[in-house]
Structure formats: structure tokens, C-alpha cells
Amino acid sequence: QGQLATCGLVQCLGTLMEEDSVLVKVLKRQGAIPFAMTNVPQSLFSYECSNPIFGQTLNPLNPQKSPGGSSGGEGALIAGGGSILGIGSDTGGSIRLPSSFCGLCGLKPTAERLRWVLALPFQPCSCSRAWRGKCWCFFLSHPVPCALGPMARDVDSLALCMKALLCQEMFQLDPTVPPIPFNEEVYSSSAPLRIGYYDTDGYFPLPPCMRRAVRETRRALQAAGHQLVLFSPPRVPYVMTELFLKTFFADGGRAWLDVFTGDVVDPGLKPQVNSCKIPRLVKKLLALLLKPLQFLLLLKLKDVAMISTCRSVREMWNHHHEIQVYRSQFITQWKELQLDVVLCPVLGPAFTRGYPRKLLTAITSTMLYNVLNFPAGIVPVSTVTEADEEELKLYKGCCDDPWDRTLKKAVSGAVGMPVAVQCVALPWQEELCLRFMKEVETLSRDQ
């Protein structure tokens, strides 16, 4: 209450929050002391952490590197020793990418498990148009939901936070949150797990050190008595282009562009903003001219200019249906293999400043589990070595095209920076996800 929540928009500088959000109220009642609000990218739609009001946040482990985003300020504060626990938001990886870049543990729960940070009842703010509070209304109507979750230096702190939040105060203050208390029995279990794994999703091959982290973690889990099963996530290029990006730009990006009316656009967002401003007819002509390159575009969509939009309400309903169909197919494949959890890579190591804006679609490793609305967490397991840097020189990615070469430049010069893995469970199984994360953390520390 009484603090700014500008989301990096100058037009919101005169708007103070009238009350604490439900989440803050619950944390205070549990004895927490909120003492800082941290930096975010303008409008939250970036995994770089910069806006025209507060400028750019740097990675405390290496100031030449980005802390990730959109919860990059939170990641930087915790990694720099300024806080022991924080809350981030995640629509495409905005908890998990800062955790990966800054060497933290972070959990993106099932979106409805903690619900929204806004206070209830939902009140419009006096910013501009329909842009309310901390920009959440942009995400409210989408079938790819935004999740809130904790970030900390270890898994036990994440579990402690979830225990504190999943309490009667939360369920009473926000009746839209399912009254499911934290299941300590699942978190404390030591039963062997059946774990699916993969080190590439077939869309944006990650740097050698990130794939190494999955391989080494897999071997450690096997040695600890867990059963590992190869798993291949289906149709990730389709998910990225037809499900995820089309969800956010179904209207050609008009709702998002409205946010910047009369405002300064941060340099990190200008490529995406300019792409959305291209007239629809010009986009169609570009799509026609680039049709011979459509296979390459499917593999690496450079920006949002070529994204198809929903031209009618019927198309939008069909789009929502396609997301549900994909979720059902993914869960069916998961169940057929009788998996408990999945081990997979995450984007990293930390990008050099300025590169996240050039690689919007490199976030498939995290974005996939926003579309699916599965709980997913990040655990640091290693650091970049000189050998990793040497192997990076041979990296060609998928096609050795401009996007692959840009990724190579983005992650170079990262010796000593954190290397993490991603742990995933089925919806509503946050306790199992955390238990798996704790196992990975314990084994990596033993090594």
C-alpha cells in the first residue's frame, strides 16, 4: 500500500497502490517484512530488465551480463545478497530465466495455485485505458496464464514460502484460490522417482554447458536409485509459433501497443514494438515474399512481424481449443511413460546485456510449461567452465543461421556463471516438483 507499481511505464508514475495485495497481506500475517520493490522490464514483456524510469538492472555476478527477466530485479537483489526471498511472475519464463541467469532456485507453480498479486476486489487503476495496477489485465484474458512464485537461494526456502502462502488466510482473502494446503508428506518423501529427461526440445538448441548440466544431473539421479526415461516433448515449433506467440498477438499486438501511447519505449522493446506497428497488409505481403523460407521461419521466428492473428471470435475460440488439445496430448504421452517428473534444460547461462531483445524466441525451454500450465522449477547445478567455452566455439545450433550465431555471442564470456536445470511436474503437483528439485540440489551439492 502507498507504493508505485509502474511496470516501467512513465504514465503510471502518479499512481500509488491503495492497499496491499492479497499475497502481501498473507506474507505480512506470516511474519514476513516486505522492504523493497524490484526492477522489471517495461510492460513485463521481455526477459531483459530495463525500463525508462529506473534504467537497466545488471547481473550482480557479472555486470556485463543480464539478470534475466521479467523478474530480473528480484533475481539480482537475491543473488547479490540483498534479500533472502522474493516473489516473481512468470508468463514465459520470467521467474525461471532470472533464476537461471543469477544462480537461484525459482518455482513457477500451476497458475491458479497462488493466483494474482492484485488485491480483491479487482479495481481499475487511474493509469491509462484498461492498463490496471501492475499490467496484469494484459495477461488475464489469455489461455496462457501468468503464474506467481517464489525465488530464493535454496529449495527449502521455496518450500517454506509455499507453506506460508497456502494457508487459511490466503483461502479466505481470495476465494478463487483452491483451498489446497501444502502437502508436507509429498515434499519429504524419499521414494524413488521415474524421471523423464531430454536435453534439447528440437527448436532452439541450447549452449553446450546447459545440455551438459542435464546429462550430469541425469547420471547423478540414476546413481541415486531413480529411474530415468528418455522423453521428447512433441511439436515444440508449433507450440511456439501457433500457440504461445499467437496467444499474445492475436489482435496483431494492438492491446500491447496501446500501453505505450504517449509513453517512452525502452530500447529493449523497440524491435518488438516496431514489428507490431507494421500494417497488416504489409505483413501479408512480407509473408508471401518470405514463403520460400517458411521452414526456416518455423524453426527460428525472428520477431512478431510474421505471426498470424485471430481474425474473428470463432478463430480465437479455435485457438483456445488447440491449446487444450495440445495439453491433453502432452499429458497422454507423459502418462504412457508413467513419469513422475521431467528433467530438462533451461535457457542460459546469463546473456550479455542487450542480447535478450534480439532472441525473443529463445525462451522455448521455459515457455512450453506456461502453455501447458505445469509447475516448473530451476535449480543451479554447476558453473560454466573453460572447457564449456572451448566447446561453445564449435556450437552451430540448429542451422548455423543468424539466430544461432547471435545466441553464441549472447552466452560467450560466461566462465564461472551459474548453470542450471529445469524440473517439471504435472499440474497441482508443486510439492512433488519441489521434492524433485530438492533431490537435484542435494546431489549437485554432493558432487
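Predicted model: local features only at pLDDT ≥ 70, side-chain atom pairs only at ≥ 80, totals over all residues.
Local features are taken where pLDDT is at least 70 and side-chain atom pairs where it is 80 or more, while totals for chains, interfaces and linings use all residues. Numbering starts from 1 along each chain as its sequence is written, and side-chain values use heavy atoms, with hydrogens and water left out.

**View 1. Lysine 65, a buried residue in a loop.** Look for lysine 65 in the loop between β2 (55-56) and α2 (72-79); helices (H or I, at least four residues) and strands (E, at least two) are DSSP runs, numbered from the N terminus. Its relative accessible area is 1%, so lysine 65 is buried (under 20% relative accessible area, with a 1.4 Å probe and protein chains only). Threonine 352 sits 287 residues away along the chain, yet the C-alpha atoms of lysine 65 and threonine 352 are separated by 4.2 Å. Beyond neighbours within four places in sequence, lysine 65 has contacts including Leu58, Asn59, Phe351, Thr352, Ser412 and Met417 (contact means heavy atoms within 4.5 Å). A polar atom of the lysine 65 side chain lies 2.7 Å from the backbone oxygen of serine 412.

**View 2. Asparagine 51 in strand β1.** Strand β1 covers residues 50-51. Asparagine 51 has 2% relative accessibility, so asparagine 51 counts as buried too. A polar atom of its side chain lies 2.8 Å from the backbone nitrogen of phenylalanine 54. Not counting residues up to four places away in sequence, asparagine 51 touches Gly8, Asn39, Val40, Pro41, Gln42 and Asp266.

**View 3. Where helix α9 crosses helix α19.** The axes of α9 (residues 208-223) and α19 (residues 430-446) come within 10 Å and cross at roughly 95 degrees; axes are lines fitted to C-alpha atoms over the stretch in contact, and angles run from 0 to 180 degrees between N-to-C directions. That makes α9 roughly perpendicular to α19 (65 to 115 degrees). Thr217, Ala220 and Leu221 in α9 meet Phe436, Glu439, Val440 and Leu443 in α19. By class, this contact has 5 nonpolar, 1 polar and 1 charged residues.

**View 4. Leucine 434 and the largest nonpolar core.** This core has 112 residues, of which Phe351, Tyr369 and Leu434 touch the most other members. A nonpolar core is a set of buried Ala, Val, Leu, Ile, Met, Phe, Trp, Tyr and Cys residues joined through side-chain atoms within 4.5 Å. Leaving aside neighbours within four places in sequence, leucine 434 is in contact with Leu107, Val155, Leu158, Ala159, Met162, Phe182 and Tyr187. A second, separate core of 5 residues includes Ile95, Cys102, Leu104 and Met151.

Key:
Buried < 20%, exposed > 50% of the residue type's maximum accessible area, 1.4 Å probe, protein only. Polar contact = N/O pair within 3.5 Å; in protein donor to acceptor, adjacent residues only side chain to side chain. Parallel < 35°, antiparallel > 145°, perpendicular 65-115°, else oblique. Nonpolar A, V, L, I, M, F, W, Y, C, P; charged D, E, K, R; others polar.
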